[in-house]
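The tour below goes from the whole chain to single residues.

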Amino acid sequence: MREKKRQVNAASFYGEQGIFGDVQVDTLDVGSVLKCSSLTTTQRNALTAANGMVIYNSTDNKLQVYENGSWTNLI
């Protein structure tokens with residue numbers, strides 16, 4: 001019998017989609033370029049964030065990473 005796998009607050013890779021809290025987001029595509037999920041500040045704040053998560057904040061036009069309990073601009 002095949003066991004069903006449940007995905008909670010985790011991402012799938014290679015262009016699939018993941019669920020983070022109540023927000024569905026695209027995950028990273030890695031090929032000739034690296035594409036991060038593009039979220040508004042409101043969508044970002046709805047995430048169940050974990051250290052190391054990286055997003056593009058389309059409200060602030062900034063690449064951001066979650067570290068030590070808060071979002072930080074990378075550039």
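Colour the chain by secondary structure: from the N terminus on, the elements run β-β-β-β-β-α-β-β-β. That comes to one helix and eight strands; helices (H or I, at least four residues) and strands (E, at least two) are DSSP runs, numbered from the N terminus.

This is a predicted model, in which local features need pLDDT of at least 70 and side-chain atom pairs count only at pLDDT 80 or more, while totals for chains, interfaces and linings use all residues. Residues are numbered from 1 along each chain as its sequence is written, and side-chain values use heavy atoms, with hydrogens and water left out.

Next, select residues 54-57, which are strand S6, and residues 62-67, which are strand S7. The two run antiparallel and are joined by four bridges; strands pair if DSSP finds at least two bridges between them. Asn 57 stands opposite Lys 62 in S7. S6 and S7 form a hairpin with four residues between them, and Asn 61 in the turn has a positive phi of about 55 degrees.

Now show the side chains of Tyr 66 and Trp 71. Which arrangement do the rings of Tyr 66 and Trp 71 have? The structure holds one aromatic pair, and its rings have their centres 5.1 Å apart and their planes at 65 degrees, so the pair is edge-to-face. Rings of Phe, Tyr and Trp (its six-membered ring) pair if their centres lie within 6.5 Å; planes under 30 degrees apart count as stacked, over 60 as edge-to-face and the rest as tilted. Tyr 66 is buried at 16% relative accessible area, and Trp 71 is buried at 18%. Buried means under 20% relative accessible area, exposed over 50%, partly exposed in between (1.4 Å probe, protein chains only).

Go then to Ala 50, in the loop between helix H1 (41-45) and S6. Ala 50 is partly exposed, with a relative accessible area of 39%. Select Glu 67 as well: Ala 50 and Glu 67 are 17 residues apart in sequence and 7.5 Å apart in space, C-alpha to C-alpha.

Finish at Val 54 in S6, which is partly exposed at 33% relative accessibility.
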